[in-house]
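I begin with confidence and then move on to fold, interface and local geometry.

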Amino acid sequence: MTLTKTNRRTAVGGIAATVLALASGGVLAQADKPLRIGFSMARTGMLANATPSQLNTYELWREQTNARGGMDVGGTRRKVEFVTYDDQSKPDQAVRIYEKLITDDKVDLLLAPWGTPFHIAIAPVLEKFKFPLVGNTAASVALRKVKPGYIWFPTSAIPDRIGQELVKMLKGENVKSVAVLSNVLPFTKEIKNFVEPELKKAGIEIKVSAEYPPDIADMTATLTQVKQANVDAVLALAYPGDSVLYAKQAKELGLNNPFQFIAIGPSDAFFAKAVGATSAEGVVTIAHWSPKAEWKGSQAFYDAYVKKFGEDPDYLNSALAWMSLEILETTVAKTGLDKAKMREMISSQTFDTINGKVKFEGVQNVITPTAFVQTQKGKLRIVWPASMATSKYEAKKGW
Amino acid sequence: MKDLFPNRWWTLLWACCLLALAVLPFVANAYVVGIGLTVLMWIALTQSWCVLSKMTGYVSLGHVVFYGIGAYLVVVTWQEVPLPLAIVGAGLLAALVAALVGLPVLRVRGPYFVILTFGLAELVKYTITWIESASGMASRILFGAPDLPVIYFSMFALALLSVAMLTWVSSSRFGHGLRSLRENEEAAETLGVPVVRYKLIAFVLGAAIPGMVGAIMALRSTYFVVGQVFDPMISVTVIAMAILGGGDNARGPLLGVIFLSLLSELLWVNAPLLYLVILGAILMVFVLVVPNGLLGLFERKPVPVVERPPTDSAA
Amino acid sequence: MTVLDILLSGQLLFAALVTGSLYALIALGLNLVYGTMRMLNVAHGDVVMLGAYGAYWGFTLLDIPPLLAAPVVAGLGGLLGWALYRGIFQRMLSGGSGAGNNRLESNSLLLFFGLSIILQNATALVFTPNNRAYNYLDTVYHFGGVAMTGNRLAALLVAGTACIAVAVFLSRSVFGLATRAVIERREAAHIVGVDVDYVQRLSFILGFGSAALAGVLISMLGQFSPFSGFPFTIAGFIVIILGGLGNTMAGLLAALLLGVIETYGVALTSANMRSVLLYGAFVAALLLFPNGLFAGRAKSR
C-alpha cells in the first residue's frame, strides 16, 4: 500500500482534526458550579504502581462526600468534582500541573500528590500563589526546611524519629546485632543515615551495612553476607519495588533472624499477596494507623475501603490520605474557601482524625507518635509505641 | 541563513514564533509560560543534538548525559558559586566531558554507537548515584531558586543560541564536511575531509548547550534525584522530535519540536489516561506514512532520479 | 566473606546462571530481529512484560501453573510478532522508507519506540499500573550447600533449554541455516534463493515468542508492572552489542558473562556498584572492541 503525497497529507490532516476535536471537547467540558478539587497523581512511569493506594482513598472520599450531598463549604454543601492530571512520576511535571490547576483551571481546593519529592517540589508553587494544601504521603527531614504556611505534613514517619524509635524498640527486644540494607532512594537512605548512629549509641553491633540501587534484580550476594553474619535483626530499608524481592530471596537463603523489618511495602495489601501469607507473617514495617475503637471513624474507613476495592487499604499511605481529607473537610466547613482563614485554622487547630488527634507546629504533626506495625495472623497490628499499641511484638518464625 | 529562511513564508513563520515566545511571560498565566519554557527547552536540546547526529548520521541515544552533568554541577555548587557562573560552567563541563570521551567513542559506528551512547549516559548516571549515596546524600533540594521569568528568558537565550549554531553549522563548509562523512566516511576521508577532527568538533559543540539547559531546568524542579534527571526518555524524545521534523537543515527539527511538544501537551491535558497510547500510535503512523518528516510534507523538493524508490511509480 | 569464598560460592554461581540464562533468552530474540532485519527492537522488553502478565492472569484467574502456560503464552507472543510483521514492518522493509541505512535505523528506532509506549500504557490502562506478583514453586531445595528456590531453578532450566533448542535449530535445520544466511548477508541470501520474507517473518515470530517466554519465567521470580519492561530491553541490548549484533551464539556467551559480572561484581564490591560495573564493563568493552567482543566474522554492511 503505497501512499501518494496527497494521501499522506490527508492522513496527517485526519490526525490533526482528531486532536483538535479532543482539545475542543476538553474546553467545553469545564463547568463552574460543583466544588472543583485538583491534584496530580502518577498514573504512568516508575511510581505509578505506588499511587493507587492514595488515589483510591481520594475516590472513596469523594463518593462518600457526594452521597452526603457534597462537601460542607462554610455552611453550604457543594458536590465535589476532581480535576486531575498525570504527572508521569516526574516532580517537575507536578510543578507544572499545580501551576495549571491554580492559574489555568482555577480550582477551588487542592489535594496532595503522592510522594515526598512531589510534595517538596510543589511547595514553592503553593507559596507563590498563596494556596494552602494539606500534604499526606511525604516524609523527610528536608520537610522541616520548607517554609511553613502553605503546606503541612501529618505523618510521623520522619526518618530521624524512625531511627530513634526503631533503636528503642530493638533495645527493648534485647537485640545485640543487626544487618542494615538500604535502597538508595531518598526516604530509605535518610532512615539509614539516622538509624546507624542511633544503633552505635545504643551499643548494638552493625555487622552488615549495605546499600543497593532501586532497580536491583538480584540480592543474592548481599543476602549471603547477611546470612553469614548471623544477626538478631535485619533492617531491610526497602521500597515496595524491592520489598518483595527481599522477602523472596530471604526465604531462599533461609534468613531466619527473629526480627525482620521492611521499611515500606508490607503496609500495602499487595505484599502478602505477592510473597504469600507465611512469608508476610511477622514482618515489622512503618505505619502509625490501625482500626482502633478509640479512633473515631477508623473502623468505618477500613470497612468502606475493603467493601469498595476488595482489599485492605495501605495502612500508611491510605490512612494519611484520609487524614488529610478529614483535616481539609473540617477546615473548609468552618472557613469556607478563604485561603488566609484556612491557613490560620490548619496551623493552629487540633483536628480529630481516624488516627487520633493531629496538630501542626510549623509544618509537622506533633501529636502522632512514630510507630511500627507487624503482620500478625494476616492483619497489621501496631506494636510500638506501647502507648498506642494494639498488640505485642512477636519474633518472626522464618519465611 | 538561507538554511533557516529560504523564503519569506518561513521568515514570517519564525518571526511570529519568536514574537509569541518573547512576549509570553508578559501576557500569559504561569501554566502557559510553562509550556513555552518546555518548547524552548526541547528546541535547545534537539538543535544541539542535530549538530552531531543529524549531520553525521552518528545517532546518539545518550544526549541526556550532558543535560544531567549540567544539572548536577548546579546542584552541587548551589549557593557556593554565583548562579550565572555555575550555568556557564555547566556548559563548559559538558563540553569538556565530550572532548575527553569523544575520540574513542566516535570510533564506534552505526547501531553500536547508538547503544554505546546510551550506555555512557547510564554509566554517568549510576556513577553519580553511587557518589551521592557514598557521601551520605539522600536527595538534594534547592531552596531559593530564581523565578519563572528569569528561567524562561535564560532558556530563550539558549534556544536562540542553539538554532543559530545549527544554522551556522548546516550551511558552513564544516557542515558539508559532516554531511559527506555521513554518506560515506571512507570516501570522505580519501577526499581530504578531516573526518576524525570534524566528528569530535561536532560532538563537543553539541554537548555544551544541553549542559546549560540541564543547569537551568534544575532550578525549575528544585528537587534533584539523579535517576530522574538522567532520564533516558529525554534522549528518546529528542530523537523523535528531530525525525518527526525531518529534513537536513535547521528548519526541520524546529517544526518537529513545536509539533510534538504542543501535541503532547494537548493530548496530556484532554485525554489524560489515553494520551500516551495515542502519542505512541501517532509516532508509529508518522514514521510509516510520513517518512520524510513534517518538512517533507511541506516542501516539495524534487527527488533526484537516483534516489527515488521504485514503488513510487506504481502509485 | 573472603574473595576466595566469593569466587567459589556455589550460591553465587547459581544466581549468576539464573540471571545469565534469562538474559540469554531475551538476547536471543533481540538478535534474531536485528540480525535479519537490521532493526533495533526497543519494545522487546515490553513483550517480556506482556508475557509476564499472560502468566500472571493464567495463574491467578484460571489456576494454570505458569510452566504449563508457558508454551501458550510464548505462542501468543509469536502471534503478536507475526501480526506486527504483516501489518507494519513488512512494509517498512520493502523499500517504503527511502534511501540510506541511517534513515531506516532512526526510523525503526522511533517505530519500535512508539510501539513500546503503546504496549506499556495500554497495559497500564487495562490492567492498572499496580505491581503484580504471585507465589509459585516457592519451596526451597538444597543441593550441596546451595539453596535453590523451585521457581528460580525452573527458570534456569527452561531458559537454558530454550536457548539450546534455538541454537540447535539455527545450526542444524534448513530454516536455521537460511536464517543465518540472511543474518550474514541479506542480498546474497536472496540471490541464492532464500525466501527472505519468510525468514524475516520467522525471526519476528521467534523473537517475540522467546520474549514472551522469558516474561513467563520472570513473572515467577519477582514483581512487575506495565513499566518494568524497559530494563530488560536495555539488558538485552547490552548483551547483543557485546556479543556482536546478529551473532546469536556469541550473544548467549555474552549473556552469561553479564550474569557473572553482575553477581560476582556485586559480591566483590557492593550492590550499589552493580550498574556502574555493568555499564562500565560495557562501555570499556565497546571502546576496545568497536564491533563487539566476539567480532571476527565479516560484518555485512
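1. What is the mean pLDDT of chain B, and what percentage of its residues reach 70 or more? The structure is a predicted model, and for chain B the mean is 87, with 94% of the residues at 70 or more. Among the elements of chain B, helix α14 (residues 293–298) has the lowest mean pLDDT, 80, while helix α3 (residues 64–76) of chain B has the highest, 94.

2. Chain A also has a mean pLDDT of 87, and 92% of its residues reach 70 or more. Among the elements of chain A, the lowest mean pLDDT, 52, belongs to helix α1 (residues 5–28), and the highest, 96, to β5(A). Over residues 23–32 of chain A the pLDDT is below 50, and this stretch has 5 contacts in the model beyond near neighbours in sequence.

3. On the overall fold, chain A holds 13 helices and 17 strands, and its C-alpha trace spans about 70 × 65 × 40 Å along the principal axes. The radius of gyration of chain A is 23 Å, which agrees with the value near 21 Å that a compact globule of 399 residues would have. Of these 399 residues, 56% count as buried; among contacts in chain A between residues at least 6 apart in sequence, 69% join residues at least 24 apart.

4. Strand β1 (residues 35–41) of chain A is joined to β5(A) by 2 bridges, and Gly38(A) has Leu110(A) as its bridge partner in β5(A).

5. In the loop between β4 and α3 of chain A lies Ser89(A), which has a positive phi of about 65° although it is not a glycine. Ser89(A) counts as buried because it has 26 C-beta neighbours inside 10 Å.

6. A positive phi, about 55°, is also found at Arg38(C), again not a glycine, in the loop between α2 (10–37) and α3 (44–62) of chain C. With 19 other C-beta atoms within 10 Å, Arg38(C) is partly exposed.

7. Where chains C and B meet, 40 residues of chain C are in contact with 42 residues of chain B. On the chain C side, two or more residues each come from α4 (66–96), α5 (101–127), α10 (230–243) and α12 (274–288) of chain C, and α5(C) gives the largest share, 15 residues. This side of chain C divides into 25 nonpolar, 13 polar and 2 charged residues.

8. Two further sites in chain A may be checked. Ala272(A), in helix α9 (residues 269–275) of chain A, counts as buried because it has 22 C-beta neighbours inside 10 Å; leaving aside neighbours within four places in sequence, Ala272(A) is in contact with Ala277(A), Ala280(A) and Gly378(A). Ala272(A) and Thr375(A) are 103 residues apart in sequence, yet 9.3 Å apart in space from C-alpha to C-alpha. The peptide bond that joins Trp384(A) and Pro385(A) is cis, with omega about 0°, and Pro385(A) lies in the segment after β17 (379–384) of chain A.

Technical notes: Residues numbered from 1 in each chain as written. Chains lettered and ligands numbered in written order. Predicted model: local features only at pLDDT ≥ 70, side-chain atom pairs only at ≥ 80, totals over all residues. Helix = DSSP H or I, 4+ residues; strand = E, 2+ residues; numbered from the N terminus. Rg over C-alpha atoms; globule rule 2.2 N^0.38 Å. Buried ≥ 20, exposed ≤ 12 C-beta atoms within 10 Å, placed from the backbone. Contact = placed C-beta atoms within 7 Å. Nonpolar A, V, L, I, M, F, W, Y, C, P; charged D, E, K, R; others polar. Pairing = 2+ DSSP bridges. pLDDT = per-residue confidence, 0-100.
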